[in-house]
Amino acid sequence: MHTGDMAPQGFRSVSKNMGLKDVEDDFTAVVSEVPARSAAVFTRSRFAGPSVVLSREAASRRSGRGMVVLSRNANVATGRAGAEHAAEVRRRVAEIVGIEPEDLVIASTGVIGRPYPMDGIRAGLDALAWPFPEADFDAAAKAMMTTDTRPKRFSVRCGRAVLTGIAKGVGMIEPNMATLLAFFFTDADLPADDLDAVFRRVVDRTFNALSIDTDTSTSDTAAIFANGLAGAVDPAAFERALYECALHLVRDIAADGEGAGKPIEVQVTGARDDAQAKRVGKSVVNSPLVKTAVHGGDPNWGRVAMAIGKLDQETDIEPERVRIRFGDFAMYPEEPDDALLEETAAYLSGDGVIIRIDLGIADGAFTVYGCDLTEDYVKLNADYTT
């Protein structure tokens, strides 16, 4: 069951402006009042920022109690000073709370190559005191935003426990291990190994199934913190709840993609295995020609066939066995007549599009999520740093 007002027990947060944005909050920290278990995954970018490097080391302990996020500045490619600044921010927040720095994941998101405005950040940190107020997850989600048009938060119940997820990200999204910034908080009690395994499986089926523009961020971080205050839960039930929460955030991100007019869902079935289905789905959802056809309401199924066909290493994909549909409208191999093309164009002009592909090989299946490509994407990213 989802209820917007639900929140897990035992988490406290603070959100405020530290001078990275003009007015809005650009800093947030959410921390459990008690020790917790955690799991996390990160970008594989070779230009990963110092926040990712620090957090990777901390994540190996599986005992994280919370996160610190600064937005509008990625603190990437900023040299030794950037590494020192990230470590200082995390250390000072840990000192305020009274925990070890390694108990916190730190993340940064925004423009690459600019140092933190440390004078303002230090002054802001000086004003913080523990305990923070009771966690305000909506405020935390808003403080993480860069080019997002709205905060992203979702809560579900699992037995006596509550799980809340928050996320940001609408561009530079083609995950490679994790994606964007996404954090989950729960009062469920799970063994560390179960929590890690469940989290990785869900991330692979949700955040790693999302693509906006094929570009992998330098700062991608996804983490979960479980403080156990609501007692034990069934791992399988918790995995279903986490999947529901994560999938809601993924769909929200796709719908809010930079310059997006509508979300696209590509459902691939009949593949050799799930991995092949994922490759096919990503090839289709990442195709600029498919994206622009969807944006224009053009039932050009040939672009979908092209995106499948360019996977030239997938030699068991035989065109005569492939089936392509826009929604429920069959495009290939049946030859659509003018009336069907007109109906399909009307469907593509709606609020969201599902592209269904069956490869006719075996029973592998995977669904990926993305959005169309509009003139607004070009305009937004042409002026991003100015």
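**Figure 1. The salt bridge between D328 and R356 in the predicted model.** D328 is exposed, with a relative accessible area of 62%. In this predicted model, D328 forms a salt bridge with R356, and the closest N and O atoms lie 3.3 Å apart. D328 belongs to the loop between β11 and β12 (329–332), whereas R356 is part of strand β13 (residues 353–358), so the bridge ties together parts that are 28 residues apart in sequence. R356 is partly exposed, with a relative accessible area of 28%.

**Figure 2. The salt bridge between D252 and R150.** The closest N and O atoms of D252 and R150 are 2.9 Å apart, and the two residues form a salt bridge. The pair links distant parts of the chain, 102 residues apart: D252 is in helix α6, and R150 is in the loop between α4 (137–143) and β6 (152–158). D252 counts as buried, at 16% relative accessibility. R150, at 31% relative accessibility, counts as partly exposed.

**Figure 3. The salt bridge between R272 and E314.** The side chains of these residues, R272 and E314, meet in a salt bridge with an N to O distance of 3.3 Å. Here too, distant parts of the chain are linked: R272 sits in the loop between β10 (263–271) and α7 (274–285), and E314 in the loop between α9 (301–309) and β11 (323–326), 42 residues apart. R272 is partly exposed, with a relative accessible area of 37%. E314 counts as buried, at 11% relative accessibility.

**Figure 4. A network of salt bridges.** E88, R92, D119, R122 and D126 are linked to one another in a network of salt bridges. A search of the whole structure finds 23 salt bridges. Side chains of opposite charge can pair when their charged atoms come close.

**Figure 5. The largest nonpolar core and the surroundings of F184.** The largest nonpolar core has 64 residues, and those with the most contacts inside it are F184, F207, F238, I308, I355 and I357. Helix α6 (residues 235–255) contributes the largest share of this core, 10 residues. Apart from this core lies another, of 23 residues, among them F27, L54, L125 and L128. Residues up to four places away in sequence being left out, F184 touches L163, T164, G165, F199, F207, A223, I224, F225, L242, C245, A246 and L249. In soluble globular proteins, nonpolar side chains tend to be buried together.

Figure 6. Seven of the 10 residues of helix α1 (residues 50–59) are buried, so the helix is largely enclosed by the rest of the structure. These buried residues are P50, S51, V52, L54, S55, A58 and A59. Their cover includes β3 (37–42), α2 (79–97), β5 (104–111) and β9 (221–232). One of them, L54, is also among the residues of the 23-residue core.

Figure 7. Strands β3 and β9 pair in the antiparallel sense over six bridges. F42 stands opposite T221 in β9. Five of the six residues of β3 are buried, so this strand is largely enclosed by the rest of the structure. F225 is found in strand β9 and is buried, with a relative accessible area of 0%. Leaving out residues up to four places away in sequence, F225 touches F11, R37, S38, G64, R65, G66, M67, V105, F183, F184, F185 and T186. F225 and M67 are 158 residues apart in sequence, and their C-alpha atoms are 9.0 Å apart in space.

Figure 8. T109 is found in strand β5 and is buried, with a relative accessible area of 9%. The side chains of T109 and K168 are joined by a polar contact of 2.9 Å. Neighbours within four places in sequence aside, T109 is in contact with L70, S71, R72, N73, A74, M144, T146, K168 and L181. In the unreviewed UniProt entry, the annotation "binding site" covers T146, K168, T179, E258, N381 and T386. T146 is found in the loop between α4 and β6 and, at 18% relative accessibility, counts as buried.

How values were computed: Residues numbered from 1 in each chain as written. Predicted model: local features only at pLDDT ≥ 70, side-chain atom pairs only at ≥ 80, totals over all residues. Heavy atoms only, no water. Core = buried A, V, L, I, M, F, W, Y, C linked by side-chain atoms within 4.5 Å. Buried < 20%, exposed > 50% of the residue type's maximum accessible area, 1.4 Å probe, protein only. Helix = DSSP H or I, 4+ residues; strand = E, 2+ residues; numbered from the N terminus. Contact = heavy atoms within 4.5 Å. Salt bridge = Lys/Arg side-chain N within 4 Å of Asp/Glu carboxyl O. UniProt positions renumbered as here; feature names shortened; annotations may be inferred. Polar contact = N/O pair within 3.5 Å; in protein donor to acceptor, adjacent residues only side chain to side chain. Pairing = 2+ DSSP bridges.
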